[in-house]
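Here are my notes on this model. Please read them alongside the coordinates.

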Amino acid sequence: MNQTMTTLLKSVVASATVVAALGAQAQTPAGDVKAGESKAAMCIGCHGIPGYQNSFPEIHKVPKISGQSAPYIAGALQAYRKGDRKHPTMRGIAGSLSDQDIADLAAFYAGHNPGVTAPEQPKAAPPAVAALLEKGACVSCHGANFSKPIDPSYPKVAGQYADYLYVALKSYNVQGNPHIGRANPIMAGITQQFSNAELKQIANYLAAVPGELATKPQSRFR
């Protein structure tokens with residue numbers, strides 16, 4: 001991505017961030033950690049088992065969400081509920097949640113991996129991967145260590161499972177499928193620049209970067 005495109009992307013992202021933040025402030029209730037803990041039973045079966053495999057749209061590990069930011073978790077659940085993220089299981093779950101439920105679950109998982117801080121600067125990527133990251137302007141949104149995004153509604157991606165990241169990145173390129181895909185014009189514009197092989201390289205690198213995410217085993221009995 002050339003300098004002009006990078007500058008344009010930053011401008012678009014900044015504008016979208018301001019609009020999203022104003023909308024979120026007006027609509028999102030405050031989350032309660034204890035309430036979120038009591039509501040997490042439906043999440044435990046997948047997100048409370050380290051390395052648990054999801055089989056749709058292809059086999060990959062269920063993402064780590066402990067330590068993810070509350071605004072991102074809330075935004076993801078709202079996107080599943082709305083249908084902007086097309087995953088039948090997650091849409092079914094999110095569709096059963098109220099705004100307060102979403103806020104409570106987001107607060108619970110955001111504080112579920114305390115005391116873990118990613119290094120300020122990760123080990124340098126191999127030259128070929130570094131070129132891909134620069135082309136996608138990934139640092140501009142997700143931070144130099146990929147754990148400090150410019151807006152908390154954007155995900156931390158350092159240390160996330162590689163196979164999940166790969167499937168997630170590919171999903172932005174899917175159009176017209178009722179069961180697969182993610183509607184996000186910024187990410188779609190970025191991922192469409194890459195082949196699947198290049199997206200896999202990016203995912204593999206990000207997964208190897210030390211991060212703040214975890215899968216915390218949880219008891220089904222409370």
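Where is the place of glutamate 198?

1. Glutamate 198 sits in helix H11. Helices are DSSP runs of H or I, at least four residues, numbered from the N terminus. This is a predicted model: local features need pLDDT of at least 70, side-chain atom pairs count only at pLDDT 80 or more, and totals for chains, interfaces and linings use all residues. Residues are numbered from 1 along each chain as its sequence is written, and side-chain values use heavy atoms, with hydrogens and water left out.

2. Glutamate 198 is partly exposed, because its relative accessible area is 25% (buried is under 20%, exposed over 50%, partly exposed in between; 1.4 Å probe, protein chains only). Not counting residues up to four places away in sequence, glutamate 198 touches Leu132 and Gln193 (contact: heavy atoms within 4.5 Å).

3. Glutamate 212 lies in the segment after helix H11 (196–208). Glutamate 212 is buried, at 9% relative accessible area. Leaving aside neighbours within four places in sequence, its contacts include Ser66, Asn113, Ser147 and Ala158.

4. The largest nonpolar core has 26 residues. Such a core is a set of buried Ala, Val, Leu, Ile, Met, Phe, Trp, Tyr and Cys residues joined through side-chain atoms within 4.5 Å. Leu133, Phe146, Ile202, Tyr205 and Leu206 have the most contacts inside this core. Helices H4 (70–82), H7 (127–135), H9 (162–171), H10 (185–191) and H11 each supply at least two of its residues.

5. A second, separate core has 15 residues, among them Cys43, Met90, Ala94 and Leu105.
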